[in-house]
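Here's a quick briefing for anyone meeting this structure for the first time. Have a look at the model, then read on.

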Amino acid sequence: MKKLYILVFVFCFGFIFSQQKQVQRAAVGFLNVENLWDIVPSADYIDGTKDVHNPAFHRSVPLDSLKNLETTEDYKGEWSDSLLIGKKVIRHQILADDFTENSPKNWNKEKYNQKLFNEAKVISELGRQYTNDNPVIVGLIEVENRQVIQDLIAQPALAKSNYGIVHYNSYDARGIDIAIIYQKSRFKVTDSYMKDIKVYNEEGKRSYTRGVLVVKGLLDGEKVGIFMNHWPSRSGGEAQSLPRRAAAAKVLKGEMDKARAEDPERKLFAMGDFNDDPVSPSVKKFLGAVGDPSQLSETSPYYNLMYKPFKAGVASMAYRDAPNLFDQIIVSKNLYAPEKLTPTYSIYKAEVFAPSYLVNDSGQWKGYPLRSWDGDKFTGGYSDHFPAVSVIQREFKSSK
């Protein structure tokens with residue numbers, strides 16, 4: 001077994017004094033919460049009479065409530081928001097009964113509350129060493145529905161930050177979603193949507209995966225765009241599954257290019273679990289993310305902050321007993337500045353956060369992330385991925 005070597009870093013945001021100048025920082029990062037499921041068996045209910053931006057358009061509902069909901073048909077077509085407008089239909093999930101008291105996982109309220117506590121602890125410590133506060137924007141991967149996110153941000157470690165939520169139910173067959181939480185006092189959402197990624201199996205049948213979650217807004221008054229990702233897995237092998245991640249890369253690039261064309265000043269963050277490394281074709285070729293600032297140009301405007309850490313041996317997880325850095329943050333070139341401090345936000349640091357309590361310290365998986373699950377057994381751990389964090393900073397000038 002190869003050992004998984006991890007460099008441990010801590011980041012955050014806030015105010016510091018450096019060379020007589022006051023500096024403001026903000027942490028933007030994400031965490032794979034490894035199957036954050038509640039204990040209630042559920043299905044998706046799509047009410048196409050509502051606006052697609054309304055969380056009630058596509059929501060998770062308990063199975064025992066389905067009998068009380070109106071449906072217009074037993075839908076057999078392709079699952080897409082645009083095709084479901086005006087319809088009222090049910091979509092069942094293949095993991096509906098997996099996280100319940102009667103399942104092999106024996107998933108109950110006590111374990112669920114422990115899971116919430118664990119994930120909130122990790123999020124709350126992203127940056128705490130420097131600012132004694134929680135991060136401004138956090139992406140979440142592998143959440144079941146909006147309710148589990150609400151339960152998460154209500155945890156004592158996070159509640160004081162008054163987080164808002166951006167979440168759209170995906171058509172992923174397992175019901176796995178992505179989301180973003182943000183401090184409402186510092187980030188103002190102006191637009192959000194989910195962009196579908198269409199991939200197909202060998203028979204030409206569509207395989208449903210998570211789309212790209214796009215959130216635009218103002219971070220401390222500056223225009224930013226967040227592009228949250230959870231790309232298709234390497235199921236079937238890296239080479240065979242590459243076309244699925246290449247398709248995801250093309251969708252992401254298209255959305256980032258469109259955002260830059262609409263507003264060149266907007267600063268972009270693309271982050272998430274890409275299920276590929278920074279040197280993989282999906283990231284390097286199809287997305288076109290460069291690994292060094294010297295390579296940035298109008299035709300190559302995206303900088304992979306995890307390229308250099310990857311080359312230095314940093315990993316965020318292990319796939320088939322090999323270290324990988326699938327968890328990445330990629331930014332637009334206007335977030336890079338050679339100067340240490342600028343009047344507007346620029347990148348200060350970006351690293352993998354892996355304190356000792358997130359690392360398995362013994363046994364077969366020593367050095368690996370201390371995950372929540374060992375088969376159907378809840379270990380009391382945190383995740384099978386380490387979180388990734390970027391830190392931006394600017395010179396702070398008081399309005400007084």
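**The largest pocket**

Sorted by class, the residues lining the largest pocket come out as 18 nonpolar, 13 polar and 15 charged. Ala, Val, Leu, Ile, Met, Phe, Trp, Tyr, Cys and Pro count as nonpolar, Asp, Glu, Lys and Arg as charged, and the others, Gly among them, as polar. Keep in mind that this is a predicted model, where local features need pLDDT of at least 70, side-chain atom pairs count only at pLDDT 80 or more, and totals for chains, interfaces and linings use all residues. Residues are numbered from 1 along each chain as its sequence is written, and side-chain values use heavy atoms, with hydrogens and water left out.

- The largest pocket holds about 1400 Å³ of space.
- A pocket here is an open set of points on a 1 Å grid over the protein atoms alone, where a 1.4 Å probe fits, with protein on both sides within 12 Å along at least five of seven lines; lining residues have an atom within 4 Å of a point.
- The volume is the space filled by probe spheres set on the points, which are joined across faces, edges and corners.
- There are 46 lining residues, and R174, S233, N275, Y319 and D384 sit closest to the centre.
- At least two lining residues each come from β10 (199–200), α6 (238–262), β16 (317–319) and β20 (373–374), with α6 giving the largest share, four residues.
- Those labels are DSSP runs numbered from the N terminus: helices (H or I) have at least four residues, strands (E) at least two.

**The sheets**

- β9 runs antiparallel to β12 (residues 212–219), with eight bridges, and V189 faces G217 of β12.
- Another open sheet is antiparallel, with three strands ordered β4-β3-β5.
- Here β4 (58–62) and β5 (88–91) are the edges.
- Five bridges link β3 (residues 42–47) with β4, and Y45 has R59 as its bridge partner in β4.

**A helix pair**

- Helices α2 (residues 109–124) and α4 (residues 146–153) pack at about 65°, with axes 9 Å apart; axes are lines fitted to C-alpha atoms over the stretch in contact, and angles run from 0 to 180 degrees between N-to-C directions.
- The contact (heavy atoms within 4.5 Å) involves Y112, L116, E119, A120 and I123 of α2, plus V148, D151 and L152 of α4.
- Six of these contact residues are nonpolar, two are charged and none is polar.

Terms used: Pairing = 2+ DSSP bridges.
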